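Here is a short report for a reader meeting this structure for the first time. Please look at the sequence and the fold together.

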Amino acid sequence: MRLHDYAPRPAHLKWLLDSDPAIRWQVMRDLTDDAPDIIAAERSRVATEGWGAQLLTAQSPAGHWGGGPRGWRDDLPEDDRRLLITLYTLSVLKDLGLDPASQQARKMVRRVDKGLVFKWLHNRPFLQGETEPCINGRILGLGAYFKEPNDALADQLLGEQLEDGGWNCEAPKSGRSSFHTTICVLEGLLDYERAGRKSAAVTKARKRAERYLLDRHMFRSLRTGEVINKRWLRFSFPTFWHYDVLRGLDYLRDAGMKPDERVSEAVGIVIERRHQNGRWPLNLLHPEYIPLDMEIGVGSASRWNTLRALRVLRWFSNTFGGTLTGG
């Protein structure tokens, strides 16, 4: 396959830029290489326009984003539903690129700090985390991005890394890692490092977990070589806690890792998902809830998936040139 055939064309870029500020500033940064001041100006609009502004407006003075619609997670107490929706919403705001230094972001975090606790953990503040690494990985990243790095939470996660290199919310009952949990922790550790906490121990843990993904070619069983879960070959946004091939590759790109042949088959899957019009569709929606509809048309062209796919292909082609091989 010739990778240059999948480079964004002017029509693709025009379509991506004709959208929400959260998409536009990332296109400018990752695909069109605009000047830093132009990118920063566009990014600042996330707090005041479009999806970012809608989510910020939906936050209650108590710090949460509601308990969800009737029928959503009725198995959980109201307080737990609110904390889950808060976790999901903060993660999406981070994905949108809300500037943590903005007045709106600081106000949002103050509300979270003041109002939200894990009651079942003796009222532990929300940003100090709880017990499951899949949740704590995201809370570590959120705290590092929006407020400050949490050393105790990072140490807790490092101590929970399994022998195979990843993490699992079912550990220690399960000694095998989960792709879902591992990607959540990897992203959190990367944000923690970027907040000024780079260390040999954290880097070593990340590299072990990256090898966990790479040795499995991003989606295959190490033992049998079979596809672990075919849903991982279909792409969504928001991803919430769910792993998929595009999310895994986009993490490697974001971490600045040099791609090798172990990702070639996964990159080929990304290419296969492209429609003839050069856009990537929304393949599925996850059942988790946030108080915002961004892209909801399953099967329709997705700007989020198109943006992420194009920047993954750019990252890969910068190393491998014009041709995709392997599999």
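The report goes from the whole chain to single residues.

## Basis of the model

This is a predicted model, in which local features need pLDDT of at least 70, side-chain atom pairs count only at pLDDT 80 or more, and totals for chains, interfaces and linings use all residues. Residues are numbered from 1 along each chain as its sequence is written, and side-chain values use heavy atoms, with hydrogens and water left out.

## The whole chain

The protein chain has 13 helices and two strands. Its radius of gyration is 19 Å, close to the 20 Å that the globule rule gives for 327 residues, so the chain is as compact as a globular protein of that length. The radius is taken over C-alpha atoms, and the rule is 2.2 Å times the number of residues to the power 0.38. Helices (H or I, at least four residues) and strands (E, at least two) are DSSP runs, numbered from the N terminus. Along the principal axes, the C-alpha atoms fill a box of roughly 55 × 45 × 40 Å.

Buried residues make up 53% of the 327 residues. Buried means under 20% relative accessible area, exposed over 50%, and partly exposed in between (1.4 Å probe, protein chains only). The accessible surface of the chain is about 14900 Å², and 49% of that belongs to carbon and sulfur atoms. These areas come from the Shrake-Rupley method with a 1.4 Å probe; for residues, only the protein chains shown count as cover. Among contacts with a separation of 6 or more, 65% join residues 24 or more positions apart. Contact means heavy atoms within 4.5 Å.

## Helix H2 and its cover

Helix H2 spans residues 21-30. Nine of its 10 residues are buried, so H2 is largely enclosed by the rest of the structure. The buried ones are Pro21, Ala22, Ile23, Arg24, Trp25, Gln26, Val27, Met28 and Asp30. Their cover includes helices H1 (10-17), H3 (36-44), H4 (50-58), H5 (78-96), H11 (245-254) and H13 (303-320). At the start of H2, a side-chain oxygen of aspartate 20 comes within 2.9 Å of the backbone nitrogen of alanine 22.

Leucine 96 lies in helix H5. Leucine 96 counts as buried, at 0% relative accessibility. Beyond its neighbours within four places in sequence, leucine 96 is in contact with Ala22, Trp25, Gln26, Val46, Trp51, Gly52, Leu55, Met294 and Trp304. Leucine 96 and tryptophan 51 are 45 residues apart along the chain, yet their C-alpha atoms are separated by 8.2 Å.

Arginine 311 is in helix H13. Arginine 311 is also buried, with a relative accessible area of 8%. Leaving out residues up to four places away in sequence, arginine 311 touches Gln26, Arg29, Asp30, Leu31, Asp250 and Arg253. The C-alpha atoms of arginine 311 and alanine 7 are 9.1 Å apart, across 304 residues of chain.

## Aromatic rings

The structure holds 12 aromatic pairs. Phenylalanine 118 and phenylalanine 126 have ring centres 5.6 Å apart and planes at 20 degrees, so the pair is stacked. Both of these phenylalanines are buried. Rings of Phe, Tyr and Trp (its six-membered ring) pair if their centres lie within 6.5 Å; planes under 30 degrees apart count as stacked, over 60 as edge-to-face and the rest as tilted. Ring pairs also link Phe179, Tyr212, Trp232 and Tyr243 into a cluster.

The charged end of lysine 94 is over the ring of tyrosine 145, 5.6 Å from its centre. Arginine 279 lies over the face of tryptophan 15, at 4.2 Å from the ring centre. The test is NZ of Lys or CZ of Arg within 6 Å of the ring centre and within 35 degrees of the ring normal.

## Backbone exceptions

Most residues other than glycine have a negative phi, and most peptide bonds are trans. The peptide bond from phenylalanine 237 to proline 238 is cis, with omega near 0 degrees. Proline 238 is in the loop between helix H10 (200-215) and H11.

Phenylalanine 240 is in the loop between H10 and H11. Its phi is positive, about 55 degrees. Phenylalanine 240 is buried, with a relative accessible area of 10%. Aspartate 33 also has a positive phi, near 55 degrees. Aspartate 33 is in the loop between H2 and H3, and counts as partly exposed at 48% relative accessibility.

Technical notes
Polar contact = N/O pair within 3.5 Å; in protein donor to acceptor, adjacent residues only side chain to side chain.
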